[in-house]
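Please look over the sequence and structure before reading on.

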Amino acid sequence: MGLKQQIAVEPLRPGHFSSVENPTRLGSLSEYVFGGNTIAVAVNAAYQTVNDTYHLYSLCGHFIRPATTDRKLFCHVESIRDSKSFQTRQIRVSQAAGGGSNRLCLIAIADFHIEEPYSAVTYSIPPETESPSSKLRGKYSAPPPDASKNRNLYRDIEHFLDMRPILDNDTSTENHKQNTRINSPPAASSIITKEMFRAPEPLDNEAEQVSALAFYADKGLAYIPAMHKGYDLRQASACATLEFSLRIFVHDLNLAKWHLAEQKSFAAGNARAFSEGRIWNEDGHLVASMTQQTILRPGTELGPRL
């Protein structure tokens with residue numbers, strides 16, 4: 001089974017959809033469903049309810065409770081707005097529970113926008129990494145230095161995507177920018193996780209392309225606040241995404257081609273962390289951003305250091 005089947009949905013009745021397959025885990029630390037799988041199914045269900053002249057540009061949501069891998073996901077898509085320029089949908093993703101009830105797993109708002117004929121300004125921030133060319137992929141496809149410590153973190157999604165980590169000086173050493181203000185918090189890590197990725201099988205339409213992008217964009221953002229500070233994730237008592245915002249800047253995605261992803265964490269405290277992942281295509285255009293707040297509770301051995 002490939003990615004296309006994993007993110008597919010089938011209609012049950014108007015506004016109601018089911019995942020075709022049971023969702024998958026992320027890897028060795030994941031007892032529950034990979035959040036990206038849940039998001040991808042929500043995106044695909046929302047696409048089934050909008051006109052094909054509208055394109056997803058924003059998906060904001062909260063994980064209510066974790067999903068399990070032993071049953072399918074169900075999506076209820078409600079129309080919130082239908083105008084000449086925008087179509088807005090609310091998606092509630094749940095799983096069957098005992099006694100015929102459903103357990104709500106995720107709730108999100110998806111906003112779709114037409115293709116505007118003109119733009120007042122057009123620009124894109126470049127990546128920190130050099131241009132993601134075929135030469136770059138060959139040069140930086142070795143496993144990261146801490147691969148043994150973090151082995152199998154993503155083992156359950158590796159056969160759905162082709163992913164190749166990028167190593168350079170920025171990811172092997174950490175440069176601290178000290179805040180000189182009195183009582184200022186410690187500086188955030190300057191490490192950036194960098195990776196090339198692509199979908200290894202053909203995706204037939206925009207719904208599948210964007211759903212696949214959502215599937216990938218969730219990968220690892222809950223982990224990097226601890227990993228970039230050198231902590232072993234197995235020592236954390238809780239590490240999971242609370243809420244997310246996926247923003248898409250183009251609608252002509254082609255994930256058969258290589259894309260570059262960079263991830264960085266910006267703030268942490270009160271057992272939460274805020275991180276962002278950015279994704280560029282081979283032409284250097286920023287195509288998407290995923291921001292997340294995650295729960296990151298220390299285990300008893302780590303104390304307050306996380």
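How do the residues lining the largest cavity divide into nonpolar, polar and charged? The lining of the largest cavity has six nonpolar residues, three polar and two charged. The model is predicted.

## The cavity

The count comes to one cavity of 30 Å³ or more. The largest cavity has a volume of about 50 Å³.

Its lining can be read along the chain. Y216 and A217 line the largest cavity, as do A261, E262 and Q263. G277, R278 and I279 also line the largest cavity, together with A288, S289 and M290.

## The largest pocket

The largest pocket holds about 1000 Å³ of space. Its lining counts 31 residues. S119, T122, F249, V250 and H251 lie nearest the centre of the pocket.

The lining of the largest pocket divides into 15 nonpolar residues, ten polar and six charged.

## Elements around the pocket

Which elements give two or more residues to the lining of the largest pocket? They are β3 (54–63), β6 (102–114) and β12 (286–298). β3 gives the most, with three residues.

Terms used. Residues numbered from 1 in each chain as written. Predicted model: local features only at pLDDT ≥ 70, side-chain atom pairs only at ≥ 80, totals over all residues. Heavy atoms only, no water. 1 Å grid on protein atoms, 1.4 Å probe; cavity = no way out; pocket = protein on both sides within 12 Å on 5 of 7 lines; lining within 4 Å. Points joined across faces, edges and corners; volume = space filled by probe spheres on them. Helix = DSSP H or I, 4+ residues; strand = E, 2+ residues; numbered from the N terminus. Nonpolar A, V, L, I, M, F, W, Y, C, P; charged D, E, K, R; others polar.
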